[in-house]
Amino acid sequence: MAIQEKNKLVAVVDDDELMRGALQGMLKSVGLPSQTFASAEEFLNSGQQRQTACLIADIRMPGMSGLELQAQLNAEHCRIPTIFITAHGDTKMRMQALRAGAVEFLAKPFDDEALLGSVRAALEN
Amino acid sequence: MKVLSNLQGYGLAIISCGVALALAGPIDAPSSCFLLAVTVSGLFGGLGPSLLSVALSALAFAYFFLGRPSPPARESTSLLRFAVFLAATLLITVLMEIKRRAEESRSRSEEALRQAHAELAHANRVTTMGELTASLAHEVNQPIAAAVTDANTCLRWLTRDHPDIDEAREAAMRVAKDATRAAEIISKVRQIFKKGAQQRELVDVNEIIREMIVLLRKELSRQSIAVRTELAADLPRLMGDRVQLQQVLMNLMINSIDAMKNVEGKRELTIKSQRAQDEDEQLLVLVSDTGVGLPPQQADHIFNAFFTTKTDGTGMGLRISRSIVESHGGRLWATDNHPRGASFHLTIPTKIEAHE
């Protein structure tokens, strides 16, 4: 996928292939370029962190979890507006994510418009 | 009984020998004092401190009490006294050590047994029911979430000012893939309860009933529940999955216990096994209690998935139990008891051909 504007890149990190495809398709339908990663490690090793304007990440993944990814990015002073989507988020997890700077925390299945609204808000800032 | 750290144990040995030495002179009873010192060191310090105190006591005994000038005639008596003293202290040390090891091994096996009890009693409920439900929900939720998103994406392509049919088709194909995955997961779960996945062996139902009673004994006595069994002696064994049948009986018994938790008066769990009266080749097992009974007007629903009357129930126990019984070609149903309580009836054919 062509990256039209480097600073407008949305990164999707989810271990589920169907979910990655669905999110990428959704973003494409509103004209947003995205890149998908099957794991937090893959994203960190890609060197794309600095070009990413918004990160959509799953919480529970094999290997590094979404929350650990967030902590790692914070430690690298790489503050990417992050939206978490999870199948089983409890209040504690949600609070932890938001305290660490997440902009949104959505339960699967999520409302597309809510997710797109958060992505747009993240890109405008 | 290990109450002190190693260092403290050796310290205790030295101190108790010192105290024994200080007391032994004035009251002129060295053997008693040192024996006491060795006993204390062994009891609270362990083997090492105990041996140290034996050595210290022997030194002190020999130096201070046998070293005193004495008439030659008493020389041999003194040596004998010393030898007896030494033998006694060593004996105490050895006995203490044997006792401690026996205690340690007993408490270890008791702990292991207790843990095995607890684990087995909860294995069925927590692991199989709870975690299976949770992970199943997660597995199915994933493709459903993807399908919802893909369907919305498809609509978005179609409802644009200039609809993009190619993109819409791609999104729709993803919806089909998502839904297929969800269906595959469901069908895998179904297979778990099919014959193929079961481990069939000859099973003695009475043996399973007795095992489950043993496992639940603590819980039964904690709830002051009396158990009555009427197990027919000449039951034929049946071909089935032992672990699954254990789960069914465990589940029925736990339900009965839960049903009696908050009732006043007689608490009795009755378990019967017999040949079914009308059909020779069937076994009948009856689990009945004096608990709250079946939910009024909802007796039919108790076997439905997610139906529960417990605050911490998953609503899967009876559903899964019935699936297991049916996969053995049998039936599971419930009736009300008079004056109170519920009975669960379970029939299972003993002939292999009767299986579904």
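Modeller: B:Ser224 counts as exposed because its relative accessibility is 53%, where exposed means over 50% relative accessible area, buried under 20% and partly exposed in between, computed with a 1.4 Å probe and the protein chains only. The model is a predicted one, in which local features need pLDDT of at least 70, side-chain atom pairs count only at pLDDT 80 or more, and totals for chains, interfaces and linings use all residues. Residues are numbered from 1 along each chain as its sequence is written, chains are lettered from A and ligands numbered from 1 in the order in which they are written, and side-chain values use heavy atoms, with hydrogens and water left out.

The backbone at B:Ser224 has a positive phi of about 50 degrees, although this residue is not a glycine. Its place is the loop between α6 (205-222) and β2 (226-231) of chain B; helices (H or I, at least four residues) and strands (E, at least two) are DSSP runs numbered from the N terminus. A:His77 sits in the loop between α3 (66-75) and β4 (82-86) of chain A, and it counts as exposed because its relative accessibility is 66%. As background, most residues other than glycine have a negative phi, and most peptide bonds are trans.

Turning to the peptide bonds, the one from A:Lys108 to A:Pro109 is cis, with omega near -10 degrees, and A:Pro109 belongs to the loop between β5 (104-107) and α5 (112-124) of chain A. In chain B, B:His338 and B:Pro339 are joined by a cis peptide bond with omega about 5 degrees, and B:Pro339 lies in the loop between β6 (331-336) and β7.

Chain A as a whole has 5 helices and 5 strands, which follow the pattern β-α-β-α-β-α-β-α-β-α when read along the sequence. Of its 125 residues, 51% are buried.

The largest pocket holds about 740 Å³ of space. Its lining numbers 31 residues, and those closest to the pocket centre are B:Asn255, B:Asp258, B:Thr308, B:Thr309 and B:Lys310. A pocket here is an open set of points on a 1 Å grid over the protein atoms alone, where a 1.4 Å probe fits and protein lies on both sides within 12 Å along at least five of seven lines, and lining residues have an atom within 4 Å of a point; the volume is the space filled by probe spheres set on points joined across faces, edges and corners. In chain B, α4 (75-158), α7 (242-260), α8 (317-327) and β7 (342-349) each supply at least two residues of this lining, and α7 of chain B gives the most, with 6 residues. By type, the lining divides into 13 nonpolar, 12 polar and 6 charged residues, with Ala, Val, Leu, Ile, Met, Phe, Trp, Tyr, Cys and Pro taken as nonpolar, Asp, Glu, Lys and Arg as charged, and the others, Gly among them, as polar.

Helix α4 of chain B also contains B:Leu136, which is partly exposed because its relative accessible area is 26%. The C-alpha atoms of B:Leu136 and B:Ile186 are separated by 8.6 Å, although these residues are 50 residues apart along the chain. Another leucine, B:Leu23, lies in helix α1 (residues 6-27) of chain B and counts as partly exposed because its relative accessibility is 45%.
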